[in-house]
Amino acid sequence: MSAREGGPPEGLLVVGVDIGNSTTEACLAVVAPDGSITYLGTDLTRTTGVKGTPDNTEGALKAIRGALARTGRSAGQVETVLLNEATP
């Protein structure tokens with residue numbers, strides 16, 4: 001069933017993660033075969049540890065898991081994770 005028929009959008013499930021100085025945000029979207037993007041949801045959590053270190057991993061995972069839960073998706077459905085991390 002396609003999104004036009006009232007079903008979930010078809011395409012690749014993509015997660016964008018932005019690790020900032022004080023927060024980490026994960027955003028979920030579906031990229032359709034024609035290149036169109038459907039925004040699904042987001043989650044925000046506090047950034048912990050020194051930016052650019054493995055200490056940030058827990059916050060990123062928490063934000064991703066939260067965004068997946070909010071949208072009713074599972075980690076197994078994710079095709080791509082895009083990470084935006086501007087380190088000092």
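**View 1. Gly16 and Cys27 are bridge partners across two strands.** In this predicted model, Gly16 pairs up with Cys27, which sits in strand 2. What counts as a pair here is two strands with at least two bridges found between them by DSSP. Strands are DSSP runs of E with at least two residues, helices are runs of H or I with at least four residues, and both are numbered from the N terminus.

View 2. Is Ala29 buried or exposed? Ala29 counts as buried because its relative accessibility is 12%, and buried means under 20% relative accessible area (over 50% is exposed, in between is partly exposed, using a 1.4 Å probe and protein chains only). You'll find Ala29 in strand 2, which covers residues 23-31. Leaving aside residues up to four places away in sequence, Ala29 touches Leu12, Leu13, Val14, Ile37, Thr38, Tyr39 and Leu40; a contact means heavy atoms within 4.5 Å. Take Leu13: it is 16 residues from Ala29 along the chain, yet their C-alpha atoms are separated by 5.9 Å.

**View 3. The largest nonpolar core has 12 residues.** Among them are Leu13, Val17, Leu28, Ala60 and Ile64. Strand 1 (12-19), strand 2 and helix 1 (57-71) are the elements that each give two or more residues to this core. Helix 1 gives the most, with 5 residues. A nonpolar core here is a set of buried Ala, Val, Leu, Ile, Met, Phe, Trp, Tyr and Cys residues joined through side-chain atoms within 4.5 Å.

**View 4. Stepping back to the whole protein.** There is 1 helix and there are 4 strands, in the order β-β-β-α-β from the N terminus on. Of the 88 residues, 32% are buried.

**Reading the views.** Residues are numbered from 1 along each chain as its sequence is written, and side-chain values use heavy atoms, with hydrogens and water left out. Since the model is predicted, local features need pLDDT of at least 70 and side-chain atom pairs count only at pLDDT 80 or more, while totals for chains, interfaces and linings use all residues.
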